[in-house]
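Reader: Before I rely on any label attached to this model, I would like to see how each one is reached. Could you take me through the terms and the values behind them?

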Amino acid sequence: MQDKPQDLIAIAMPLYGHAALVLEALESALASATALRLAIVVSVDGDPRHEVFDELALYAASHPEIHVIFGANAGPGGARNRAIDYILEELPETKAIYFLDADNRVFPHTVDTLYRRLVESGAGWVYTNIDTFSVNWRAHYGDSYSRLVHCITDNICDTGSMISVNVFKSGVRFDDNRQNGFEDWEFWLSAIEAGFVGEPCHDTGFEYRLRAESRFKEANRDRSASVSFLRNRHKALFRRPTLVGFEHKECPRYAVIRTGEGTLDTFTDPTHAAGEIGFDDAIRAFWGSVGEPDNFHFPPFLAACSAETLKLLTRSRLLPNILCHLEKLSEKANIVFVELGNVDSERRIDTEILPSGARQGAADLLFVSTKLIQNVIENNALDWFSSIGSQQVWPTSARLKVRFPFPKARQRRSLARPEQAMLNLVTAIATSPLKQTAHTRWTWRPRRLHGLSEMYQVLRTELGGSPVLPLAHNSAQRKTAAVLVPNASFGGAEKVAYAAGRELKQEGFETHLFVLGSARMDVLDEFDQAFDYVHFWKDGIPAWGDTNRFLGQDLITEDHELDWAGLRGQLSGFDLIVNNHVMAAHPLMAKLRSEGTRTACYLHVVDETVFRRRAGQPYAAIAFEHAYDAFLTCSEQLKTYLHSFGVPFEKIFAVPNAASFSIDEKLRAHVTDARVTGRPDEPIRILYMGRLDRQKGIDRLYDAIIKLRERGIAFEAQAIGGEILADDPSSSWMTRLKDVGVKVSPPVFGGKDIASHLAWADVLLMPSRWEGAPLMIAEAQQLGCVPVATAVGAVDELITHGQDGILIKNGNDAQIVTDIVRLLTILAQDRSALARTAAGSLATAAQRSWTSSFASFIAWSNTIEPANPHQRITATAEPTPEFNATAALSSRAVA
């Protein structure tokens with residue numbers, strides 16, 4: 001029976017300027033010891049030397065496996081592409097292509113060995129270490145392939161590699177742009193971006209001719225420009241989620257000892273499947289990373305906790321943020337103790353740095369840098385470190401207190417303490433026999449690469465952020481959106497931001513809330529599930545900037561003393577960022593936008609100074625108009641206002657505010673019936689809800705109450721709110737309102753509480769001096785409570801006078817108070833008018849929703865293309881079953 005023909009391998013050889021050397025390269029290729037079928041394709045790249053034609057014509061005539069193609073000079077990339085296209089078209093049976101430059105030489109067994117490894121590994125390509133001749137130089141490129149190392153450090157694969165034909169069939173080619181000094185590196189980045197990975201092979205190699213001057217030297221003289229070219233060409237590859245995904249799989253940042261189990265979880269992204277190693281493997285990895293850091297990896301951060309604690313933190317939606325805080329704290333203290341607490345009403349992170357000798361309570365989680373453990377062992381300080389298990393801790397320490405509403409019931413604390421689990425591993429590492437030879441390097445080639453355990457620092461440098469948010473692309477490939485707020489309380493601006501997050505999440509985005517400048521968040525049931533993750537970043541972030549920098553408004557610029565690295569590490573890599581009044585984030589937007597993030601700025605109100613000068617967040621935002629793809633406003637009025645300062649209309653989405661809470665059908669029916677029936681024989685009920693301050697017109701409310709009493713109008717009045725600073729230090733508004741018969745109660749924030757007060761009231765009085773588009777108006781209308789408000793800001797966009805509310809013309813204080821009293825008197829005396837207006841309020845509210853308000857912005861958001869590299873079902877090329885290794889060996893032996 002006839003033997004099955006062996007696989008065809010093509011050797012591609014670009015040629016320009018090496019007429020005197022190409023014969024040596026050809027002879028080395030022809031001398032390959034393999035049963036594989038070989039084809040050699042020489043791509044002459046416009047070489048004008050007649051010598052080239054003579055030599056290649058002779059060789060092609062003598063060796064039918066040699067193919068010579070000629071073309072105009074296109075540079076190394078163009079010459080290689082010409083060879084690739086020829087092979088795919090004329091030699092379609094080819095399984096792999098080996099690139100051999102015309103001035104290099106290949107060893108006899110290299111082609112055979114590399115193809116075996118290609119088939120066995122299923123990789124996209126197989127590469128070797130580099131050994132040079134003429135100028136002697138060699139380097140070791142690691143025992144395992146890392147896309148992270150390949151992307152952000154240097155080109156670790158020479159073109160002299162065996163590449164699966166699947167790579168080229170997927171469309172990957174060399175770049176023929178002459179401005180690219182690193183077309184070889186760019187080719188591998190294209191292959192990575194297409195979903196392929198490499199595989200090292202140390203069993204063979206080739207001879208690389210190195211001279212004192214070469215094109216490689218030329219490219220490195222202008223390295224920064226060439227690297228910038230690569231970054232811009234492959235933006236998706238160099239974004240935080242992609243690089244963190246590589247880090248997670250190839251050199252994970254964290255190792256967590258699961259107490260009582262004797263195993264460690266290794267990961268970077270806590271939402272992706274973690275690796276798992278036992279204590280023995282961890283000990284080998286630790287000492288291996290000390291002796292050969294380019295070959296062995298041990299995570300740079302080590303933690304200990306129970307499996308239950310880790311699950312709880314994962315469910316809290318805070319874990320990625322907590323890990324960033326732990327990294328930061330480990331730079332300020334030797335050991336970090338984490339304490340979890342259950343608080344129904346808030347999420348919160350507090351930190352405390354303690355000196356040596358401080359007392360620490362029990363920890364739910366312990367966190368330490370691997371570098372500290374190395375120093376402890378090298379300096380025989382195990383007794384000093386062991387104090388972490390006692391009441392008095394001699395290393396400096398930090399305590400991270402995390403408070404959040406636990407999902408259901410909190411899990412039981414493990415019997416094995418994190419401190420003891422940490423000590424068990426560190427002691428086992430310190431007493432291991434491997435310590436004796438830890439500093440011996442067994443790999444004979446010198447180290448070329450960064451240590452794998454150092455790659456988290458290289459990643460920080462690459463992204464300009466420290467620490468880097470440990471989140472890769474989510475497994476569902478959902479687009480990501482980050483909503484930024486300066487605080488996360490119960491203010492209207494925050495609620496609107498939450499509503500934006502909720503709409504984006506419903507549209508399929510993975511949503512993140514960043515509270516920048518504060519470390520706590522009040523829990524709102526209505527919006528609690530609006531975000532997949534919550535992040536706090538407080539230190540080093542001011543609320544306001546330098547004085548009067550842009551049109552008289554405070555401004556923050558890049559030269560401000562601010563934790564820029566911390567902010568960049570948190571915000572880099574999102575598909576969409578919506579900045580909601582975070583002034584410190586404006587200067588970052590241009591950079592983030594250049595990296596592929598779409599940016600939006602949400603604005604709500606133009607403030608006033610005490611001298612009635614316009615001021616506030618819109619002015620700071622307009623200064624950075626160029627850095628934003630879109631603006632969102634709460635009203636058409638604010639949209640026009642931004643346009644008057646040069647913001648194009650096409651960039652602005654007016655999003656009419658809706659209510660911050662919903663009501664069920666039972667309450668809606670009850671309220672509707674009550675408004676129709678009315679209470680004709682009872683006093684009119686007046687409600688004020690908001691801060692007791694000048695902006696909200698609290699003095700106007702006070703004067704109106706006095707005048708209503710003077711007129712003998714029967715009414716009941718409530719004021720729900722609190723004072724931040726009294727306008728008159730000698731007397732608080734709470735006291736003065738109580739003195740005139742107003743019931744004063746502290747602020748309420750829950751939707752049910754707000755609804756109950758609005759359902760009680762007939763009228764919501766809002767005598768503000770300035771506003772945006774208050775949520776309270778929409779909330780009052782959906783409960784049939786008639787809003788009576790000064791026509792400031794965009795209030796007249798929410799109220800149609802006499803139909804679903806009452807507008808009071810803006811003017812001087814005395815006139816406004818007079819109008820309030822006159823209109824309230826009419827409503828108190830004409831209950832049919834009150835009932836008609838209440839019915840109009842209910843009708844207006846029925847037509848209003850956040851979904852309809854955000855519709856245009858959501859449609860724009862859906863046009864965003866996620867900048868993700870191509871994801872293959874498997875990261876490797878499909879094996880080629882036609883290659884029979886045993887048959888190849890037998891054939892070679894017979895030959």
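Author: Helices (H or I, at least four residues) and strands (E, at least two) are DSSP runs, numbered from the N terminus, and on that basis the chain has 33 helices and 39 strands. The model is predicted, with local features needing pLDDT of at least 70, side-chain atom pairs counting only at pLDDT 80 or more, and totals for chains, interfaces and linings using all residues. Residues are numbered from 1 along each chain as its sequence is written, and side-chain values use heavy atoms, leaving out hydrogens and water.

Reader: Why are α11 and α16 called oblique to each other?

Author: Angles under 35 degrees count as roughly parallel, over 145 as roughly antiparallel, 65 to 115 as roughly perpendicular and the rest as oblique. Helix α11 (residues 279-291) and helix α16 (residues 418-430) pack at about 55 degrees, with their axes 10 Å apart, and the pair is therefore oblique.

Reader: Which residues of α11 and α16 meet?

Author: With contact meaning heavy atoms within 4.5 Å, Phe279, Ala282, Ile283, Phe286 and Trp287 in α11 meet Ala421, Asn424, Leu425, Ala428 and Ile429 in α16.

Reader: What makes α13 mostly covered?

Author: Buried means under 20% relative accessible area, exposed over 50%, and partly exposed in between (1.4 Å probe, protein chains only). In α13, 11 of the 12 residues are buried, among them Leu319, Ile322, His325 and Glu327. Over the whole chain, buried residues make up 59% of the 895 residues.

How values were computed. Axes are lines fitted to C-alpha atoms, for helices over the stretch in contact, and angles run from 0 to 180 degrees between N-to-C directions.
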